[in-house]
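I wanted to look up a few things here and jot them down as I went. These are my notebook entries, in the order I made them.

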Amino acid sequence: MTQHAVPEAAQDAPRPAAPPAATAPDLSVGRRQAYWQVLVCLAVLLGVAYLARRHWPVVETGALGLAVADQGWLLAGAAAALGTWAASALAQQGAVARRLPGTRLLAAQFAASAAGHLLPAGLGAGAVNLRFLMRCGLPAGRSAGALAVKATAGAVVRLALIAVLAPLSPGLLRVPHISWAAVAAVLGAAVALAALLAGPLRPRCRRALAGVPADIRAVHASPARAAALWGGSLAFAALHSLVLIAVCRAVELPLPPLQVTLLYLAASSAAALLPTPGGLGSLDAALALALTASGAPAATAASAVLGYRLLTMWLPLLPGLAVLAVLVRRKAL
């Protein structure tokens, strides 16, 4: 019985190549990014730990002052803190053309705020919002563009409010006396962040920012979207200011609301330059320095900062993580 010979061409034909090990470079880049992020966080947190240890009596007195603060004003601050997530949801809706499910959008903003307290540079909040938008049917590129548009609008609103309010309180914004240790920590974190953005994150940053101008023009082609984006961004900054104002009233900090608003906007804008999780350490130090530089007693300023962080970060953290787990389990993220 004869056997059919296999043609030489068939024998020599190249076999399908195995999929390239594309995961190795990706893992290497991911490790480098994680290392840089950890270094930045450690530099900032070490500086904060040094300052907290050096000024521990003031921090302790501030905590005692918050314990006896006016409960009515603290409840008002808590109500304003709840409104910040609705404002964030409104701004996010304005940044996309597609109608997003309202309840899930609000829940995603609450979950994103909790995730943002765990990862530096807004990575946690950005990842949650990105997954949410993609689950709603937006492509990855459009989702990233929507997040960039929202972040740009928030930064512009803060700077515009500072420009409007600063002339109404002349001399309020001035550079306070800062120790050399704090300066060294800030410079170290800035250098690490610059190296991170110039190195492993440079291609991703370039791709993310390339389509932002076109996305911004698309938003302003629709008056309703533009109103939602800018109105939500303005309400977000205003409500956070109201939280701090209410806490200042609760601890009897003698500063007018207009000045507290300006100090909050300046401190939060400065703290945004340091990519710590949820602004941990950077925002606390910036707020404390801003309040004390304006003439507030150190212990009272510490009480105000602790109260603000309690209402906007620590109390919502566990419920936010629970909402995040529910959204993931229901495949909404």
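**Entry: the loop residue**
I started with Glu252, which sits in the loop between α11 and α12. Helices, I noted, are DSSP runs of H or I with at least four residues, strands are E runs of at least two, and both are numbered from the N terminus. This is a predicted model, where local features need pLDDT of at least 70, side-chain atom pairs count only at pLDDT 80 or more, and totals for chains, interfaces and linings use all residues. Residues are numbered from 1 along each chain as its sequence is written, and side-chain values use heavy atoms, with hydrogens and water left out.

Is Glu252 buried or exposed? I found Glu252 exposed, with a relative accessible area of 69%. The cut-offs are under 20% for buried, over 50% for exposed, and partly exposed in between, using a 1.4 Å probe and protein chains only. Glu252 also has a positive phi of about 60°, although it isn't a glycine. Most residues other than glycine have a negative phi.

**Entry: another positive phi**
Lys331 has a positive phi of about 60° too, and it is not a glycine either. I located Lys331 in the segment after α14 (298–329). Its relative accessible area is 61%, so Lys331 is exposed.

**Entry: α11 against α12**
Next I checked the helices on either side of the Glu252 loop. Helix α11 (residues 223–250) and helix α12 (residues 257–271) pack at about 120°, with axes 9 Å apart. The axes are lines fitted to C-alpha atoms, for helices over the stretch in contact, and the angles run from 0 to 180 degrees between N-to-C directions. That makes α11 and α12 oblique to each other. For these words, under 35 degrees is roughly parallel, over 145 roughly antiparallel, 65 to 115 roughly perpendicular, and the rest oblique.

Which residues of α11 meet α12? I listed Ala237, His240, Ser241, Leu244, Ile245, Cys248 and Arg249 in α11, facing Pro257, Val260, Thr261, Tyr264 and Leu265 in α12. Contact here means heavy atoms within 4.5 Å.

**Entry: cysteines**
Cys248 from that list is buried, at 1% relative accessible area. Cys136 is buried as well, at 14%. How many disulfides does the structure hold? I got zero, where a disulfide is a pair of cysteine sulfur atoms within 2.5 Å.

**Entry: α5 against α6**
Helix α5 (residues 102–116) and helix α6 (residues 123–135) pack at about 155°, with axes 7 Å apart. I therefore wrote α5 and α6 down as roughly antiparallel. α5 passes α6 in a right-handed crossing. Among the residues making the contact are Leu105 and Ala108 of α5 and Val128 and Phe132 of α6.

**Entry: a buried lysine**
Lys150 lies in helix α7 (residues 140–165). Its relative accessibility is 17%, so Lys150 counts as buried. Leaving aside neighbours within four places in sequence, I found Lys150 in contact with Ser88, Ala91, Gln92, Ala95, Gln109 and Leu229. Lys150 and Ser233 are 83 residues apart in sequence but 7.8 Å apart in space, C-alpha to C-alpha.

Conventions. A crossing is left-handed if the near helix is turned anticlockwise from the far one by less than a right angle, and right-handed if clockwise.
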